[in-house]
Structure formats: C-alpha cells, structure tokens
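I opened this notebook to record what I looked up in a structure that was new to me. The entries follow the order in which I worked.

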Amino acid sequence: MYPSVPELRQILLDEHYITTDDSKAAETTARNSIDYIERLISLEALTKPLLGHALAEHYNIPFVDLAINPPQKQIALQLPEEAARQYRVILIAQDGTSATLATDAPAGLDKLALAALLHKHDVALRYALPEQLDEQLLMYERPLQTRFSEIITTGSRVAPGLVNEIIKDALGYGASDIHFEPQTDGVLVRFRVDGNLHDAGRLPLEYYENVLNRLKVESGMRIDEHLAAQDGALQFTMNGRVVDMRVSLVPTVEGEKVAIRALGSYVQSFTLTDIGLSSSQQATLETYVSRPFGMVLAVGPTGSGKTTTLYSVVKMLNKPSVNITSIEDPVEYKVRGVNQIPVREQTGMTFARGLRSIVRQDPNIIFVGEIRDQETAEVSVNAALTGHLLLSTFHANDAASAIVRLIEMGIEPFLLASTLELVIAQRLVRKICMRCRSSVPVETVLRALPYRHPALIAPYFARSDTVYAGKGCTACNGTGYAGRTALFEFIGITPAMQDLIARSPSISDIAALARQHGESTMFEDGITKVKSGLTTIEEVLRVVEPAPKRT
C-alpha cells in the first residue's frame with residue numbers, strides 16, 4: 001500500500017521528484033494517497049514509473065516495473081499464497097541459493113521467514129507499485145465458483161461475502177461492468193473486460209434473493225419493488241481506493257437482472273493522448289475547442305468512449321478563468337471546478353430544461369451529456385449561437401451521418417452550419433497486450449480473414465510491414481489483449497462544409513467533401529494503429545467496415 005499523503009509528499013519532495021507548488025495543487029482535492037497521486041499525474045508533475053523510483057529510493061532498494069517485467073507464473077507460485085498475501089510479496093526470480101521478491105511493503109519485512117519458506121539462504125527485495133502487485137497476486141485466485149461454494153459452506157454472512165468477492169474479483173480484472181443474469185438453473189455472473197463479456201461464475205438461485213437485497217440496500221433502491229426498473233449507486237473500497245459504482249436493475253421473466261458499472265476515477269487523469277488521439281488529431285481538436293463559441297459533438301454507439309473523450313476535453317479546458325457547467329444523466333465522473341447537474345426526470349430536470357437554466361448561469365463552456373431529442377438539439381444549437389462553447393455526445397454511426405441526423409431531427413440546416421464546429425466519430429478497440437505481443441506476417445493475417453476482406457485490406461500494407469498479435473499470458477488472462485484505445489474520424493466544419501450543410505446534403509455528399517479535405521475514416525485510423533502495433537486487424541474489423549484504399 002502507498003504511504004499516507006503527508007509521508008508520500010515528504011518522500012517526493014525529499015527525493016526532488018515534485019515541487020512544493022505541485023504538492024499544494026494536488027492536496028487540495030486529495031482524499032487519500034491514491035487521489036493525491038492521480039492529481040499529480042493529471043498535473044503532469046509525476047508519472048507512475050517516477051513514483052516507483054522515488055519510493056524505491058526511499059526504501060533503499062531497486063525498483064521493478066512489473067508492467068514491463070512480469071514474473072513467470074510457474075516461478076511466482078512457488079511461494080505459498082498465504083505468505084504472498086500476508087507479506088504482500090511476489091517471487092520474481094530465484095536460483096540455487098537466493099530469491100528475489102517484489103513488494104510494496106518492504107519496511108520491517110521478515111526476510112528470514114521468507115527465505116525459510118523458499119528454502120533459500122538469502123532474499124533480495126525490489127519495490128513494486130501496489131496496483132501492479134495486486135495484478136500479479138491474481139495468479140493465486142481460484143475460480144469464483146469455488147469461492148462461492150466456500151462462502152456458502154460457512155453459512156455466515158453469505159450475501160455480503162458473495163457480493164464482496166464478486167466486486168473485488170471484477171475490479172481485480174479491470175472489469176467495467178458486472179452482470180447478474182437470472183436463469184432457470186442459477187444466476188450467471190459475467191464481467192465485461194476490455195469491452196467483451198466473460199463468464200465469471202454461477203450463483204445458486206436460493207442465495208440470489210439475499211444478494212439482490214444486499215445490492216438494493218447498498219445502492220439505495222427499494223427492496224419491496226420487484227416489477228419495476230430501478231437505478232442506484234454504491235461505493236466499494238478496495239486497497240484504499242474508493243470506487244463509485246452505478247447500479248441498474250430491470251425485471252426479466254427469470255427474475256431481476258442487475259448490471260453494475262464501475263466508474264473509473266482514472267478518467268480524471270486522462271490526457272488527449274491517453275484516449276488514442278494522434279498528435280495531428282490532438283492538434284486539430286485543440287484548435288476547435290479553443291474557439292469561444294460553437295458546438296463540438298462526439299458521436300458513436302453506446303460504449304464507444306464518447307463521454308471519456310469529452311471529459312478529457314473538459315479537463316484540458318478547466319481553468320479558474322472559465323465557468324464550465326454540465327447537465328448529465330447520470331454524472332459519471334466528478335470533476336473539481338466543473339458545476340455538474342444531474343438529470344432528474346421526476347422533478348422535471350430534463351436535458352432541455354436544465355440546459356435552459358444553465359444558459360442563465362453565465363457559463364463559458366457547456367457540457368450536455370447527450371442530445372437525445374429535438375428539444376435538446378434546438379436548445380443546444382441556440383446556446384452555441386449565443387456565445388457559448390457547447391460539448392455534447394450524440395448517437396450516430398459516423399461523423400457524416402450525425403450531421404444529417406441532426407437536420408432530420410428538425411434543426412434548420414443554416415443554423416447547424418453556423419454553429420457546428422467539429423464532429424468526432426469514434427469506436428473502441430482492444431489493445432494488444434504488451435507483455436505477450438509478438439510479430440505476425442501480414443500474409444498470415446490476411447489469409448485468416450473472411451473471404452471479401454483480404455482484397456480490401458491488402459492494399460493498405462506492403463509486404464515488409466509488420467503487424468502484431470498477443471500470444472496470451474497471465475497478465476491478459478490468455479486473451480492477448482489488455483486495455484482499449486479509440487479509432488477516430490474527424491469532420492471539421494470549414495467554409496466549404498458550411499455551404500454544403502446549408503443545402504441539406506446527403507451522407508455521401510458530406511463524406512466525399514470530408515475526404516477531399518484530407519479527413520481520415522475510422523477504418524484508416526484503425527489501419528494506422530495496426531501498423532503501430534497498438535491493435536490487430538481483427539479488432540478493427542470488429543467495429544468498423546473496411547473500405548477500398550483511396551488512390
């Protein structure tokens with residue numbers, strides 16, 4: 001675990017990794033050490049590797065970055081699980097007489113006891129970051145089903161035990177969502193990791209009612225309501241980190257289904273580079289959002305990362321000299337310095353009504369969580385017309401279709417042409433796991449694609465190009481992927497595009513003009529990310545349609 005904020009501050013100052021001003025800025029919003037670190041990272045005053053080196057210097061041992069140098073499972077598991085968890089250590093190397101252990105708690109560690117357990121004469125320590133150590137400790141995890149059985153066998157506090165194990169397991173694997181799906185023979189528990197759902201285990205039906213009631217109570221729902229949809233929220237503390245979770249419940253024919261969304265505080269430390277923007281895309285976005293008024297839209301289907309992109313923009317624009325106000329449903333990530341208003345349908349606080357109120361609050365920048373209907377679209381356009389920079393998300397397949405959809409919703413083309421500044425379309429793809437990434441011949445990949453794809457994709461590659469894939473390892477749970485990035489498509493509203501929009505164009509007309517202006521499609525952005533080793537051709541084809549290469 002990390003030291004307390006005062007101790008951590010002193011370590012970083014003593015080792016000259018941060019300045020006093022950096023520390024003061026970070027402490028204003030820090031509830032604990034993790035908040036303090038994330039704030040320093042968001043201020044670009046610190047990085048995780050630098051933090052590791054600073055703490056390693058403090059403890060007078062070398063630093064090991066387990067993200068770059070993960071231990072081999074067959075070696076790590078030679079240290080008993082009880083000792084690994086008790087002492088917070090992972091065995092990373094050993095020879096005939098000595099062993100090397102990574103830990104985040106080297107102070108007062110009983111090296112003699114560990115040496116005896118491993119039958120070695122000597123033990124050397126390396127400092128590892130707590131979150132990286134927790135990731136490696138997952139190697140000891142038994143199947144969730146086994147732990148369910150053990151908790152049920154003990155019979156004491158079954159519901160809290162089951163709920164805690166499920167949430168802890170999900171967060172350990174970096175899941176964004178947890179699903180409880182009642183079925184005839186039990187309740188299927190599934191985790192969404194990097195956008196894909198994975199079966200985690202099954203709960204016996206006779207225990208689900210207690211688990212359901214536990215979740216309802218903790219998230220502020222009515223436990224006597226079984227036939228209506230409900231929404232709530234809860235907090236879960238894991239290794240000193242408080243995770244906000246949004247809970248949704250709907251009745252199905254088999255029972256009440258629950259979906260829990262883990263709201264990552266990491267978004268507050270994201271930069272435009274972190275979300276997958278290239279340097280040229282980042283420069284384009286910064287140019288458009290630096291304008292004093294107009295509308296910037298992020299478009300795509302549900303779960304494509306639109307909100308994360310706009311939060312990254314809000315973070316960049318968030319300065320003491322500007323007033324930023326948002327209307328969101330719900331407020332997913334709390335941002336200090338931003339006035340965030342939640343939609344409350346039961347009190348009449350809709351997007352449109354909230355937006356009308358915001359305009360009277362003297363804002364510089366307005367963030368509308370989503371444009372869902374004609375009324376919200378009209379108020380958004382009017383807000384952009386009256387001297388505000390308006391950021392919002394919108395459901396559309398691509399940037400060109402977003403413009404046509406807004407016109408079809410009833411927005412006058414000449415008004416849209418005057419207010420719209422930039423449309424960003426995006427999709428999320430999984431990133432190749434860097435710990436097991438290896439090169440693959442392009443021809444091999446193309447031969448394995450569906451029948452019509454190779455002819456379209458081959459022109460994008462030369463025979464000398466290298467592509468990559470993950471072999472699968474403990475770090476990525478055998479999938480070959482770890483984390484996600486976004487594919488982007490921009491349409492900037494130039495004078496020529498304004499003239500076209502004012503004439504109520506078709507989707508193909510807008511796309512053709514954007515191509516003439518040199519704008520890349522999401523597929524082309526995906527091919528660029530494939531060539532750079534970030535993702536695979538298969539992942540790109542999973543989210544976007546291939547297109548012939550432009551000559």
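The entries below concern a predicted model and take up helix packing, the sheet and the salt bridges.

**Entry 1: two packed helices**

I began with a pair of helices, since two packed helices are described by the angle between their axes and the distance between the axes. For helix α1 (residues 5-14) and helix α3 (residues 33-42), I found that the axes come within 9 Å and cross at roughly 35°. I noted the crossing of α1 and α3 as right-handed. I then listed the residues that meet: V5, L8, R9 and L12 on the α1 side, and S33, Y36, I37 and L40 on the α3 side. Sorted by class, this contact of α1 with α3 holds 6 nonpolar residues, 1 polar and 1 charged.

**Entry 2: the sheet**

I next asked in what order the strands of the open sheet are arranged. I read the order of its 6 strands as β6-β5-β4-β9-β8-β7, with antiparallel pairing. The edges are β6 and β7 (230-238), each of which pairs on one side only. Direction ignored, neighbouring strands of this sheet are turned by 25° against each other on average.

I looked at two strand pairs in detail. Strand β5 (residues 186-193) and strand β6 (residues 196-203) run antiparallel and are joined by 7 bridges. Within this pair, V187 has L203 in β6 as its bridge partner. The two strands form a hairpin with 2 residues between them, and D194 in the turn has a positive phi of about 50°. The other pair is strand β8 (residues 241-252) with β9, which is antiparallel over 9 bridges. Here P251 stands opposite E256 in β9.

I also checked what lies across the sheet strands. Helix α11 lies across β4 (177-183), β5, β6, β7, β8 and β9, and runs at about 45° to β9.

**Entry 3: salt bridges**

Side chains of opposite charge can pair when their charged atoms come close.

Because E27 lies in helix α2 (residues 20-27) and R9 in helix α1, the pair ties together parts that are 18 residues apart in sequence. E27 is partly exposed at 29% relative accessible area, and R9 is partly exposed at 23%.

I then turned to D134 and R88, a salt bridge with its closest N and O atoms 3.0 Å apart. D134 is in helix α8 (residues 130-137) and R88 is in the loop between α6 (81-87) and β1 (89-94), so the pair links parts 46 residues apart in sequence. R88 has a relative accessible area of 16% and is therefore buried, the cut-off being under 20%.

The remaining pair returned me to the sheet. K216 forms a salt bridge with E256, with 3.0 Å between the closest N and O atoms. Since K216 lies in helix α11 (residues 205-218) and E256 in strand β9 (residues 255-263), this pair ties together parts that are 40 residues apart in sequence. Are these two partners buried or exposed? I found K216 buried at 1% relative accessibility and E256 buried at 8%.

Terms used: Residues numbered from 1 in each chain as written. Predicted model: local features only at pLDDT ≥ 70, side-chain atom pairs only at ≥ 80, totals over all residues. Heavy atoms only, no water. Axes fitted to C-alpha atoms, helices over the stretch in contact; angles between N-to-C directions. Helix = DSSP H or I, 4+ residues; strand = E, 2+ residues; numbered from the N terminus. Left-handed = near helix turned anticlockwise from the far one by under 90°. Contact = heavy atoms within 4.5 Å. Nonpolar A, V, L, I, M, F, W, Y, C, P; charged D, E, K, R; others polar. Buried < 20%, exposed > 50% of the residue type's maximum accessible area, 1.4 Å probe, protein only. Salt bridge = Lys/Arg side-chain N within 4 Å of Asp/Glu carboxyl O. Pairing = 2+ DSSP bridges.
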